[in-house]
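Good morning, and thank you for coming. Please look at the sequence and the structure on the screen while I describe what was computed from the atoms.

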Amino acid sequence: MEPLGEQERERLLHTQRLKAAVHYTVGCLCQEVAEDKDIQFSKQTIAAISEITFRQCENFAKDLEMFARHGKRTVINSEDVKLLARRSNSLLRYITQKSEELALNNLEQKERKKKKSSAAKGRTTSDEQVEAAMAESEDSNMA
């Protein structure tokens, strides 16, 4: 067997970290459900749920990549995510709602920036007018 290259080692390490994070999160969620429903999850069950979750996320990532590529884009956007969630009505509604909230927040931030920049420009103009008036006053006093 050939030794792994630097990129492959980093990719493997990254994948292991992600799997560990998924396993930890699944374990925490199972513990919450166990306490709430007064049931137990075996370690094997938690491991199986973690593995399935990780594989499904890999599939989601590949699908999102393909959706963007199909649209001749290199960036995955919210429409790609909505397309991915199309089979789950509740998830699609949730993602659509969050997408709309983000779009509204972005629009509000742009408006605030626009107001700030126009207010700053207005201040500069009025400051310049005050300075010009003062200079005129000094000129007339000297005459």
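Let us start with C57, which is partly exposed, with a relative accessible area of 41%. C30, by comparison, is buried, at a relative accessible area of 8%.

Please bear in mind that this is a predicted model, in which local features need pLDDT of at least 70 and side-chain atom pairs count only at pLDDT 80 or more, while totals for chains, interfaces and linings use all residues. Residues are numbered from 1 along each chain as its sequence is written, and side-chain values use heavy atoms, with hydrogens and water left out.

I stay with the cysteines for a moment. A disulfide is a covalent bond between the sulfur atoms of two cysteines. The rule applied here asks for a pair of cysteine sulfur atoms within 2.5 Å. How many disulfides does the count give? The count comes to 0. C30 is in no disulfide, and the nearest cysteine sulfur, that of C28, is 9.5 Å away.

Now to the overall arrangement. The protein has 4 helices and 0 strands, and from the N terminus on the order is α-α-α-α. Helices (H or I, at least four residues) and strands (E, at least two) are DSSP runs, numbered from the N terminus. Of the 143 residues in the protein, 10% are buried. The protein exposes about 12,500 Å², and carbon and sulfur atoms supply 56% of that area; accessible areas come from the Shrake-Rupley method with a 1.4 Å probe, and for residues only the protein chains shown count as cover.

Next, consider helix α2, residues 43-70. Helix α2 has 28 residues and reaches 40 Å from its first C-alpha to its last, close to the 40 Å expected at 1.5 Å a residue. That expected span is 1.5 Å times one less than the number of residues. Within α2, the residues I46, S50, F54, L64 and A68 are buried. What do the buried residues of α2 pack against? They pack against α1 (6-37) and α3 (78-84). Just after α2, K72 takes a positive phi of about 55 degrees.

Helix α4, residues 89-142, holds S99. S99 is buried, at 16% relative accessible area. Contact here means heavy atoms within 4.5 Å. Leaving aside neighbours within four places in sequence, S99 is in contact with S78 and K82.

The whole structure contains 7 salt bridges. One of them joins the side chains of K82 and E79 (3.1 Å, N to O). K82 and E79 are 3 residues apart in helix α3, so about one helical turn separates them. K82 itself counts as buried, at 16% relative accessibility.

In helix α1, R9 and E6 are also 3 residues apart, and their side chains meet in a salt bridge (2.8 Å, N to O). R9 is partly exposed at 43%, and E6 is partly exposed at 48%. A further salt bridge links E101 with K98, the closest N and O atoms being 3.4 Å apart. E101 and K98 both lie in helix α4, about one turn from each other.

Definitions and conventions:
Buried means under 20% relative accessible area, exposed over 50%, partly exposed in between (1.4 Å probe, protein chains only). A salt bridge is a side-chain nitrogen of Lys or Arg within 4 Å of a carboxyl oxygen of Asp or Glu.
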